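Visitor: I've got a structure to look at and a few quick questions. Can you walk me through it?

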Amino acid sequence: MDATLLHTDVLVIGAGPTGLMAGAWLQKFGIDSKVVDLKSGPTRESRALALQARSMEIYRQLGLADEVKARAVPTGEMRPGIGARSFKSIKLNRLGYAQTHYAGLTMLEQSANEELLAEYLKNAGNEVLWEHGYESFADTGDRILIKCSGPQGPAHISARYVIAADGASSPIREALGIAFEGTTDDEVFYVLDAQGVTGMGSGINLRFSDENFMLGFPMGNDENGGERRRLLGILHEPKDSGQEKPDIDEDRARASLRSEFGVRYNSAQWFTTYRVHHRVAEHFGRRRVFLTGDAAHIHSPVGAQGMNTGLQDAHNLVCKLADVLSGRMPETYLQRYELERRPVALRLVATTDRLFAFATSSSLLARTVRTRVLPVLWPAAVRLVGRIPAGRRFFGYLSQIRIHYWMDDSAKDRAALASGFARTRRRGKVLGRRLPWVPNRTGEHADNFEVLNDANWQVHIYGPAGRDRGEQLAAEYRVPLHEFAAAPKRLLPNGSVVLVRPDMFVAHFEQVPA
């Protein structure tokens with residue numbers, strides 16, 4: 001059978017959350033694109049669960065935030081505990097209320113994210129090519145030729161650029177010969193979606209026992225009105241048991257949840273186990289092929305960062321592709337994708353690795369801190385965290401709104417960025433960061449992020465002092481100018497002038513004296 005030949009500007013391989021987000025943004029920019037996947041449709045298992053504030057802001061730019069909220073379960077608190085005992089919770093929504101419109105976490109499982117984004121593409125007339133499995137690729141110089149299997153026979157797809165969102169075992173990464181550096185833990189996680197759950201406190205629960213730990217995420221109510229929860233953890237054998245660690249099955253997980261944490265449930269909709277990997281690709285692409293999501297980095301589920309990081313990879317990369325394909329930027333601009341996103345992945349893997357090690361360590365010191373020290377210090381920590389800057393910074397890191405990119409393209413900085421150790425200068429408070437959110441502004445717009453829904457380069461001025469300079473920059477870069485009242489925070493004082501990229505990050509900042 002002769003192969004079908006298709007042409008496109010950008011081909012996305014993989015229709016998980018990352019690949020579908022890339023497809024949705026390519027559609028928003030009006031870029032000719034296709035998304036292919038071997039599956040017959042969106043994932044059915046819940047898998048990844050939490051959306052951080054930064055991801056919700058990206059959904060808002062797509063016009064999908066309200067639909068996400070309609071399908072999701074919000075939670076604004078995190079509650080630790082020991083055994084069956086819960087402590088007072090940290091109110092994440094209070095820590096984040098002045099930093100983002102989406103304070104707290106939004107619980108929308110991976111399958112629902114995929115359904116929503118696949119619907120977005122279908123409604124736009126660019127439906128995912130399901131049952132198209134990647135087989136091989138060839139670089140012809142100015143294009144990439146991808147060979148796929150298809151339901152009607154083989155298909156060849158010619159693309160100017162390829163986005164590989166094909167998962168942790170990425171065949172594209174393997175074909176490119178890119179190393180996937182890191183480690184795999186010996187410990188085995190269990191993950192289950194339970195119905196009719198009892199014994200949990202409100203919000204996200206983090207519980208420790210002498211040997212084990214458990215995380216519980218709210219998922220709304222089941223069909224009988226009972227509580228649904230994502231439950232995950234690790235089961236150690238007691239030190240004095242003298243037994244080899246047996247395989248974890250649902251019965252063993254259920255028994256541990258009941259006996260160690262006082263948590264019971266009626267039934268499990270989904271149960272699986274897996275080992276935790278901490279890996280980052282040596283490079284995030286070669287020439288016209290780019291790695292995103294799990295194909296580029298994988299890590300512990302501690303902190304609910306994985307799916308969100310992949311969504312932001314897609315957002316960052318597609319915004320750059322749009323600038324190159326439109327002629328605004330030279331093709332070398334695409335090198336910034338790796339320079340910006342790989343350091344984020346390296347820091348994330350290092351951070352989650354440390355948190356995972358603390359949460360799962362069976363050493364005497366770790367167990368003492370978790371079960372003896374934590375109960376004593378936690379009440380004071382809860383009282384302090386909302387009153388000190390560290391509490392707001394904690395939410396910023398958790399929600400991924402404090403991500404920082406270096407804007408200098410010097411050779412020295414490129415080398416530092418590539419290694420993940422760009423610490424040669426003091427970081428800017430605004431430059432290279434996500435634009436600070438200014439809420440509840442009186443006037444034409446509800447906040448300064450509303451105009452970012454256009455996803456174009458633009459100049460913002462805050463207060464009348466920066467008007468002349470803002471008009472000058474807007475004319476120089478040929479971008480829209482938006483004027484706002486002085487922001488009620490020191491990061492954007494009166495006279496602030498910022499050049500904002502389509503992905504909301506500040507490419508230029510200065511302050512004009514009043």
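Visitor: How many of the 8 residues of strand S16 are buried?
Guide: Keep in mind that this is a predicted model. In strand S16 (residues 227–234), 7 of the 8 residues are buried, so the strand is largely enclosed by the rest of the structure.

Visitor: Which strands pair with S16?
Guide: One is strand S13 (residues 180–195), joined to S16 by 6 bridges and running antiparallel. Another is strand S15 (residues 213–221), which pairs with S16 over 7 bridges, also in the antiparallel sense.

Visitor: What stands opposite Ile234 in S16?
Guide: Phe189 does.

Visitor: And which residue in S16 is the bridge partner of Met214?
Guide: That's Gly233.

Visitor: How many residues are between S15 and S16 in their hairpin?
Guide: There are 5. In that turn, Gly225 has a positive phi of about 85°.

Visitor: New topic. What is the strand order in the open sheet of 3 strands?
Guide: The order is S3-S8-S4, and the pairing is antiparallel. Strand S3 (50–51) and strand S4 (73–75) are at the edges. Each has a single partner strand, so one side of each has no neighbour in the sheet.

Visitor: How many bridges hold S4 and S8?
Guide: S4 and strand S8 (residues 105–107) pair over 3 bridges. Thr75 has Leu105 in S8 as its bridge partner.

Visitor: What does pairing rest on, in general?
Guide: Strands of a sheet pair through backbone hydrogen bonds.

Visitor: Helices now. Which residues of H13 are buried?
Guide: In helix H13 (residues 467–477), Gly470, Leu473 and Ala474 are buried. They cover an arc of only 100° around the axis, so they sit on the same side of H13.

Visitor: What covers the buried residues of H13?
Guide: The cover includes strand S21 (458–462), strand S22 (481–484), strand S23 (496–500) and strand S24 (506–511).

Visitor: What comes just after H13?
Guide: Arg478, with a positive phi of about 55°.

Visitor: Last one. Is Lys320 buried or exposed?
Guide: Lys320 lies in helix H8 (residues 306–325). Its relative accessibility is 2%, so Lys320 counts as buried.

Visitor: What does Lys320 touch?
Guide: Leaving out residues up to four places away in sequence, Lys320 touches Tyr333, Leu334, Arg336, Tyr337, Glu340, Arg501 and Asp503.

Note on methods
Residues numbered from 1 in each chain as written. Predicted model: local features only at pLDDT ≥ 70, side-chain atom pairs only at ≥ 80, totals over all residues. Heavy atoms only, no water. Helix = DSSP H or I, 4+ residues; strand = E, 2+ residues; numbered from the N terminus. Buried < 20%, exposed > 50% of the residue type's maximum accessible area, 1.4 Å probe, protein only. Contact = heavy atoms within 4.5 Å. Pairing = 2+ DSSP bridges. Arc of directions from axis to C-beta.
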